[in-house]
Amino acid sequence: MTSDFAQVVYDNLLASGVQNTKKGEAIKFEWLKPRVLRSGLAPFEGRYSENGELKRAAICIGPEYDTVGYDLVRKAAREAADLFDTLIVFGFAFAPEVDESRLNFGSLTVLKARMNQDLRMGDKLKATGAGNLFVIFGEPDLKLIDAGAGMVRVEIKGMDIFDPTTGEVRSSGGSDLKNDVAAWFIDDDYNEESFFVRQAYFVGQDPYESLKRALKADIDETAWEEMNSTISRPFPKPASGQICVKVINHFGDEVQKIFPV
């Protein structure tokens, strides 16, 4: 027996598949069906094609009103490890500790897919296959820069982009970064309890005009030049020993990554 929310996810997942923000690069399920398991961690399974080879995927659906934590991912991976090629974990938000460095479960490929808030509409949302309801959004490639005198900067060099049609991960940087990232934020003294925006940057295509229209006001150009950057302002090394960076793409999907300093 699946919940009403899980049924909504199932119907729309079957219709639209999972995208990665790039046109033509998506997981399209040849079939999708419920699984009867006592744990309920992976209530659905499906088949999709990767480089012409059929892959078996387990579907784990995160909580409707909470973030996906590492414990859920770990338990679902243990359940799927011997039976599936891929585990796709769906959530509206993921805790920062659910990063690529902790998703190594042997031969099992674990993917994080962010769900669109439109899914909260329930049965009012028609499963047409249109829109970006499920998106695999990769992690940022970050570089720490020593600014001297105990100060550091952070540079966002690119994003890891997973191509579900080939199973490969590539890095997008340079001019492509502006197509993959709309904004990024830094909590330069992260305490693992809450994310506090201490620095904010906007790097999308022509973001100045877009922000000016959204605010319906002029913006000081000198201040804007400082915010329109892929390199942060200098800040002291945090007492906590770590920072957290949040990146948002043009679909509104976000990813957080903890970075030791």
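This is a short walk through a predicted model, one selection at a time.

Before you click, note that residues are numbered from 1 along each chain as its sequence is written, and that side-chain values use heavy atoms, with hydrogens and water left out. Because the model is predicted, local features need pLDDT of at least 70 and side-chain atom pairs count only at pLDDT 80 or more, while totals for chains, interfaces and linings use all residues.

**Stop 1: helix 1**

Select residues 4–16, which make up helix 1. Helices (H or I, at least four residues) and strands (E, at least two) are DSSP runs, numbered from the N terminus. The 13 residues of helix 1 reach 18 Å from first C-alpha to last, close to the 18 Å expected at 1.5 Å a residue (the expected span is 1.5 Å times one less than the number of residues). Now colour the buried ones: Phe5, Ala6, Val8, Val9, Tyr10, Asn12, Leu13 and Ser16. Buried means under 20% relative accessible area, exposed over 50%, and partly exposed in between (1.4 Å probe, protein chains only). Step just past the helix to Gly17, where phi is positive, about 70°.

**Stop 2: Glu50**

Jump to strand 4 (residues 44–50), where you'll find Glu50. Glu50 is buried yet has no salt bridge, that is, a side-chain nitrogen of Lys or Arg within 4 Å of a carboxyl oxygen of Asp or Glu. Which side chain of opposite charge is nearest to Glu50? Lys55, 4.1 Å away (Lys and Arg count as positive, Asp and Glu as negative; His and the chain ends are not counted). Leaving aside neighbours within four places in sequence, Glu50 is in contact (heavy atoms within 4.5 Å) with Lys55, Pro164, Thr165, Thr166 and Gly167.

**Stop 3**

Next, show the open sheet of 4 strands in the order 13-12-15-16, with antiparallel pairing. Two strands pair if DSSP finds at least two bridges between them. At the edges sit strand 13 (199–202) and strand 16 (254–260), each pairing on one side only. Zoom in on strand 12 (residues 183–187), joined to strand 13 by 4 bridges; Ala183 has Phe202 in strand 13 as its bridge partner.

**Stop 4: two loops with positive phi**

Most residues other than glycine have a negative phi. Select Ala149, in the loop between strand 9 (140–148) and strand 10 (151–163): its phi is positive, near 55°. Ala149 is exposed, at 84% relative accessible area. Finish at Glu192, in the loop between strand 12 and strand 13. Glu192 is not a glycine but has a positive phi of about 70°, and it counts as exposed at 54% relative accessibility.
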